[in-house]
Structure formats: structure tokens, C-alpha cells
Amino acid sequence: MSLPDRKEDEVRRMLEGPHPAVPPDLAARAVQRGQRIHGRHRAVRTAGWALLLAAALAFAVWAAMAQPWLIPPADTTPPLDGW
């Protein structure tokens, strides 16, 4: 014979008891909250893409101006012999 489970009894009492009233505008509030969250996510995603585009553009401008693929000129001149 097993002992009665206290947690199981509490859950059964909660489920059998009176259920709390659901606010009538709960669905409308949930929809509004979902729209706000979706709008924030869309704004963050748009800002992220804009930042990425700006970074790529800045890199392209820097690369065009600095031309890092070229060999830099020598800082010193070779010695002149025979003068």
C-alpha cells in the first residue's frame, strides 16, 4: 500500500475547484502585445541590416582610398654610389 501523494492531491483540488474568470479583453490585449513585440523585432532587424550596409559601404570607401592591395613605397632611398 502506497502513501498518498501530497502534490497530486493539491493539483486535483486545484483542478476541481472554481476556475478564475478570464478577462474579456484578454485576446485583444495579447494581439496588441504581439504586434508591439513584432514591431520591435522588425525595427531591430532593420537597424541591424542598415548598420551592416553602412559598415560595408565604409569599408569599400576606405579600401578605394587606401588601396591596401598595393605595395607601400619604400621609406628610405637606396644609397647612391659613385658620387
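Me: Is Phe-59 buried or exposed in this predicted model?
Reply: The relative accessible area of Phe-59 is 53%. A residue counts as exposed over 50%, so Phe-59 is exposed.

Me: Which class of accessibility does Trp-62 fall into?
Reply: Trp-62 has a relative accessibility of 46%. Buried means under 20% and exposed means over 50%, with partly exposed in between. Trp-62 therefore counts as partly exposed.

Me: Where do Phe-59 and Trp-62 lie?
Reply: The two residues are three apart, about one turn of the helix. Both Phe-59 and Trp-62 belong to helix H2.

Me: How many aromatic pairs does a search of the whole structure find, and what is the geometry of the rings of Phe-59 and Trp-62?
Reply: The search finds one aromatic pair. The ring centres of Phe-59 and Trp-62 are 5.8 Å apart, with the planes at 35°. Planes under 30 degrees apart would count as stacked and over 60 as edge-to-face, so this pair is tilted.

Me: What distance separates the end C-alpha atoms of helix H2, and what span should its residues give?
Reply: Helix H2 covers residues 26-66, which is 41 residues. At 1.5 Å a residue, the helix should span 60 Å. This agrees with the distance between its end C-alpha atoms, 59 Å.

Me: Which residue just after H2 takes a positive phi?
Reply: The phi angle there is about 45°. The residue is Gln-67.

Me: Where does Thr-76 lie, and how far is it from His-19 in space?
Reply: Thr-76 is in the segment after H2 and is exposed, at 63% relative accessible area. Thr-76 and His-19 are 57 residues apart in sequence. Their C-alpha to C-alpha distance is 88 Å.

Definitions and conventions. Residues numbered from 1 in each chain as written. Predicted model: local features only at pLDDT ≥ 70, side-chain atom pairs only at ≥ 80, totals over all residues. Heavy atoms only, no water. Helix = DSSP H or I, 4+ residues; strand = E, 2+ residues; numbered from the N terminus. Expected span 1.5 Å × (residues − 1). Phe/Tyr/Trp six-rings, centres within 6.5 Å; stacked < 30°, edge-to-face > 60°. Buried < 20%, exposed > 50% of the residue type's maximum accessible area, 1.4 Å probe, protein only.
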